[in-house]
Amino acid sequence: MAAEAAVGGRQPLPELGSVYWRPVVSDRTLRRSGRLWTLSAAAHTIPLLAAAVGLAVLNPITIPVGLILIVHAWVIPELYAARGAGVVRRRRSITSGPELVALGLLGDLVAHDARAFLGRSGLVIERGKLGVWLVAEAGALLVRPGARRVNCYCVRTTDPDLPPADRISHLLLALRADETGFATVANMAFSGAPWRLRRRLPPERREALAVAVREARTLRS
């Protein structure tokens with residue numbers, strides 16, 4: 001995303017023009033997409049569970065096959081959650097001089113508590129109108145008000161060679177400039193319960209998600 005769109009003003013992100021067919025994200029569209037994700041997961045898992053029960057009823061000798069179907073019913077949502085967790089996976093550590101400078105500049109964009117949070121987790125926490133965001137170098141998590149659902153977004157900066165901290169800065173500035181535009185341009189990789197995503201995150205990012213969940217519980221849906 002273009003950094004210049006993120007400085008100060010409230011103009012729409014220029015990248016919106018490249019996804020003109022998408023409706024602009026709002027609370028209503030997020031609720032609808034969340035329901036669609038739930039229905040999709042149910043459509044994948046319920047037939048497998050029903051088949052497992054049906055096989056066991058028809059002939060107990062097929063119970064091992066039914067158990068395999070139950071495992072598949074469990075694995076499918078887990079794979080979706082793993083894909084969602086991947087949007088906040090660290091791409092590389094911040095070790096070189098330019099990357100440390102970029103990290104310092106990123107620290108200037110956030111308050112003291114958020115700076116300490118960044119140091120522990122590698123994520124920037126940002127409260128918005130749509131919920132509580134956790135911004136990483138190649139994506140972001142959105143914990144919706146009430147903390148019953150978290151959306152995972154994959155999003156890239158215009159320059160893939162930027163240091164990780166610079167990428168986070170670009171995404172953070174774009175988010176602050178146009179939150180709904182940011183969520184519209186980004187590609188949703190997963191939407192579901194925070195507990196399902198949590199198991200797929202490394203320890204420091206589980207802690208970050210827990211903090212965002214606690215904060216989102218104070219927001220009105």
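Predicted model: local features only at pLDDT ≥ 70, side-chain atom pairs only at ≥ 80, totals over all residues.
Close-up 1. Leu134 has Leu141 of S3 as its bridge partner. Strands S2 and S3 run antiparallel and are joined by four bridges, forming a hairpin with three residues between them. On S4, Leu141 is bridged to Cys152; the pairing of S3 with S4 is likewise antiparallel, over five bridges. Six residues separate the strands of this second hairpin, where Gly146 adopts a positive phi near 95°.

**Close-up 2. Burial of strand S3.** Five of the five residues of S3 are buried. Gly139, Leu141 and Val143 are buried on one side, and Ala140 and Leu142 on the other. In a regular strand, side chains alternate between the two faces of the sheet.

**Close-up 3. The largest nonpolar core.** This core comprises 26 residues, of which Val88, Leu123, Leu134, Leu141, Val143, Leu197 and Leu209 touch the most other members. Elements supplying at least two residues each include helix H2 (63-85), strand S2 (132-135) and strand S3 (139-143). Helix H8 provides the largest share, five residues. A separate core of 20 residues includes Leu13, Ile168, Leu172 and Ala186.

**Close-up 4. Surroundings of Leu123.** Beyond residues up to four places away in sequence, Leu123 touches Val88, Phe117, Leu118, Leu134, Val135, Ala136, Arg205 and Ala208.

**Close-up 5. Helix H1.** Helix H1 (residues 27-58) contains 32 residues and reaches 46 Å from its first C-alpha to its last. A kink of about 25° is located at Ala43, shortly before Pro47. Buried residues of H1 include Thr29, Leu30, Trp37 and Ala52; the cover over the buried residues of H1 includes H2, S3, S4 and S5.

Methods. Residues numbered from 1 in each chain as written. Heavy atoms only, no water. Core = buried A, V, L, I, M, F, W, Y, C linked by side-chain atoms within 4.5 Å. Buried < 20%, exposed > 50% of the residue type's maximum accessible area, 1.4 Å probe, protein only. Contact = heavy atoms within 4.5 Å. Expected span 1.5 Å × (residues − 1). Bend = angle between axes of the 7 residues up to and from the residue. Pairing = 2+ DSSP bridges.
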